[in-house]
Amino acid sequence: MHMHWSIDIAYLVAAILFIRGIKGLTHPRTAVQGNLLSALGMTIAIVATAFVIGLNWWVVIAAMIVGSAIGAVAAVKVPMTGMPQMVAIFNGFGGGASVFVAWGELTQRLHDVGGVSGELAESAGVHAAMFDPQFVIATALAGIIGAVTFSGSMIAYGKLQEFKIFWNPWVLPAHQLINALLALITIGLGVWLCMADTPPMAAYVLLVVVSLVLGVTLTCPIGGADMPVVIALLNSYSGLAAAATGFVISNSVLIITGSLVGASGLILTSIMCVAMNRSLANVIFGKIDASKAGASADEVYEGKIKSTSADEIAMMLDGVQRVVIVPGYGMAVSQAQHAVHDLYNELEERGVNVEFAIHPVAGRMPGHMNVLLAEVDIPYEKLVEMDAINPQFSQVDVAIVLGANDVVNPVAREADSAIAGMPILDVDKARTVIVIKRSLSPGFAGIPNPLFALDNTLMYFGDGKKTVVDLVNAIKEN
Amino acid sequence: MEFTELLIVFVLAIFIGFEIITKVPPTLHTPLMSGSNAISGITIVGALLATHAEATTTATILGFIAITMAMINVVGGYLVTHRMLSMFKKK
């Protein structure tokens, strides 16, 4: 379709605004404005597109109202603890949209060629121009990536929402073989779509169906603490699907934007993998070998666990100078962030310096803990990254571990352990460590944590929220 | 545009992406994901084009679904990002 030059200028402005928008995210101070700039860019792109071509207005307006309403309600209602699944499902819709755009373009071109061939039956030139390699390859890619993103994101959503059917990971016999087979079939269908003189619609539909299945089988076995990697990767895919769609319809703004998002997701994926010292392939196809860990839970814990109470901790916290709180997924699960805010306030009012140490893979998505703490008005300067806080733990009076486990497990420093080499928060170097946890049950890695048995560690057993509320009351009475 | 031109745009945009996104601090990684998610709703441009006035009925229906999905992404993504970002405060 030939488009007026003004639309390209509008797309250029939109692309610049997207880049400025992401740049705004490099600091919390400029982030809100950045997001608004980015939204302005999107508005410009949409309005320019709508006004330059002759649109089927009823369809467009109806679809926009439906989509906006669903998106707005979801965005306003979601609690901050539910953010990982919200991002997962939005990713899925992005991928789905790409599948349908490529599909629509393919049906339209097949129809247009059908109309032409009556008059110019012999004119192969029309065919070649309509179905050039760029178009067919991009269509296949948009279908594959978009469909995998869609079904993978829906499974990720279900897992994060903890629907009952996902409580046990689904692993089929010869799971990797099935994945490989599905991938091969997908590629085969892609080749069929690309090599045929006229791309067969059946090839595209089958390609999408098989890719949907592949998205399910790829995501199903991955769970728990590996979820941040999956979400980041799906985020990247949704961008790549948009870029592929850009090649389908030869549209530069889709390509620019899609590659920005693709790059963003890939960077986050790699940060998450580095933070677990595992390769991407290991996260997707492998699993942590808990049997590798030498010591059993009994050997590690027997006779060495010291349990404590709210009153004892309150006394201990009286007069300390520096407290570091290490939040983990347990804080999100028990919705303890508001109680943590009260604890923070009580201690700061008593002149204690309270900071939060954030491990890159704490929670179920990159930055998950930061959002929960921001929700309860903890200033962002109080959230300290792993590399910045680790050298300082020896000067920390009390470290409070709240619902975190593997990210503070000192066996990661031992070469033969199941999580060997994973960077951890060095809480064991603090003068006193208080671990708030329901029980001694292992974390995602399935291995015991010798931190709990250290001389300077006290266990405070109970539900994350209730224990912190009790602790705050004990401090007030103390 | 020609394929090679589009390819150049694609590759350069990836480089720009890497340059700016590596500077986003970990504390904003969740808003980065939801914000970039909203941006990937740019597929809506393609979806709009699919519903142009001379489009076939099938293409229009597919376009309708695509616009709805992309719009959920755009509106939901920006709103939720705004909600999160407005919570990040200085002391």
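Tutor: The largest cavity has a lining of 13 residues. Nearest its centre lie A:Gly21, A:Leu25, A:Asn35, B:Gly35 and B:Ile39. This is a predicted model, so read every value as computed from predicted coordinates. Rolling a probe the size of a water molecule over the atoms shows where empty space is left. Here, a search of the whole structure turns up 1 cavity of 30 Å³ or more. The volume of the largest cavity is about 70 Å³.

Which helices each supply at least two residues of the lining? In chain A they are helix 1 (5-24) and helix 2 (28-52). In chain B they are helix 2 (29-39) and helix 4 (57-85). Helix 2 of chain B gives the most, with 4 residues.

Stay with chain B for a moment. B:Thr51 sits in the loop between helix 3 (43-50) and helix 4 of that chain. Is B:Thr51 buried or exposed? Its relative accessibility is 0%, so B:Thr51 counts as buried, the cut-off being under 20%. The contacts of B:Thr51 involve both chains. Neighbours within four places in sequence are left aside here. From chain A, B:Thr51 touches A:Leu55, A:Asn56, A:Val59 and A:Val60. From chain B, the partners are B:Thr60, B:Gly63, B:Phe64 and B:Ile67. The side chain of B:Thr51 also reaches the backbone oxygen of B:Leu48, at 2.8 Å.

Now chain A as a whole. It holds 18 helices and 6 strands. Its C-alpha trace spans about 90 × 50 × 35 Å along the principal axes. Of its 478 residues, 56% are buried. Take the contacts in chain A with a separation of 6 or more: 79% of them join residues 24 or more positions apart.

A:Asn179 gives a local example of a contact across sequence. This residue belongs to helix 7 (residues 175-195) of chain A. A:Asn179 has a relative accessible area of 6%, so it is buried. Not counting residues up to four places away in sequence, A:Asn179 touches A:Leu214, A:Thr217, A:Leu218 and A:Phe285. With A:Thr217 there is a side-chain polar contact of 2.8 Å. A:Leu218 is 39 residues from A:Asn179 in sequence, yet their C-alpha atoms are 6.8 Å apart.

Two further helices of chain A come next. Helix 15 (residues 337-349) has 13 residues. From first C-alpha to last it reaches 18 Å, close to the 18 Å expected at 1.5 Å a residue. Its buried residues include A:Gln337, A:Ala339, A:Val340 and A:Leu343. A:Tyr344, A:Glu346 and A:Leu347 are buried in helix 15 too. Just after helix 15, A:Gly351 takes a positive phi of about 85°.

Helix 16 (residues 368-375) is largely enclosed by the rest of the structure, because 7 of its 8 residues are buried. They are A:His368, A:Met369, A:Asn370, A:Val371, A:Leu372, A:Leu373 and A:Ala374. A:Asp377 follows helix 16, and its phi is positive, near 65°.

Finish with the strands of chain A. Strand 5 (residues 432-437) is mostly covered, with 6 of its 6 residues buried. In a regular strand the side chains alternate between the two faces of the sheet. In strand 5, A:Thr432, A:Ile434 and A:Ile436 point one way. A:Val433, A:Val435 and A:Lys437 point the other way. Both sets are buried, A:Lys437 included.

What does strand 5 pair with? Strand 4 (residues 398-402) runs parallel to strand 5, joined by 5 bridges. In that pairing, A:Ala399 stands opposite A:Val433. Strand 6 (residues 457-461) also pairs with strand 5 in the parallel sense, over 5 bridges. Here A:Val433 has A:Thr457 as its bridge partner in strand 6. A:Ile434 has A:Leu458. Strand 6 is itself largely enclosed by the rest of the structure, because 4 of its 5 residues are buried.

Terms used. Residues numbered from 1 in each chain as written. Chains lettered and ligands numbered in written order. Predicted model: local features only at pLDDT ≥ 70, side-chain atom pairs only at ≥ 80, totals over all residues. Heavy atoms only, no water. Buried < 20%, exposed > 50% of the residue type's maximum accessible area, 1.4 Å probe, protein only. Contact = heavy atoms within 4.5 Å. Polar contact = N/O pair within 3.5 Å; in protein donor to acceptor, adjacent residues only side chain to side chain. Pairing = 2+ DSSP bridges. Expected span 1.5 Å × (residues − 1). 1 Å grid on protein atoms, 1.4 Å probe; cavity = no way out; pocket = protein on both sides within 12 Å on 5 of 7 lines; lining within 4 Å. Points joined across faces, edges and corners; volume = space filled by probe spheres on them.
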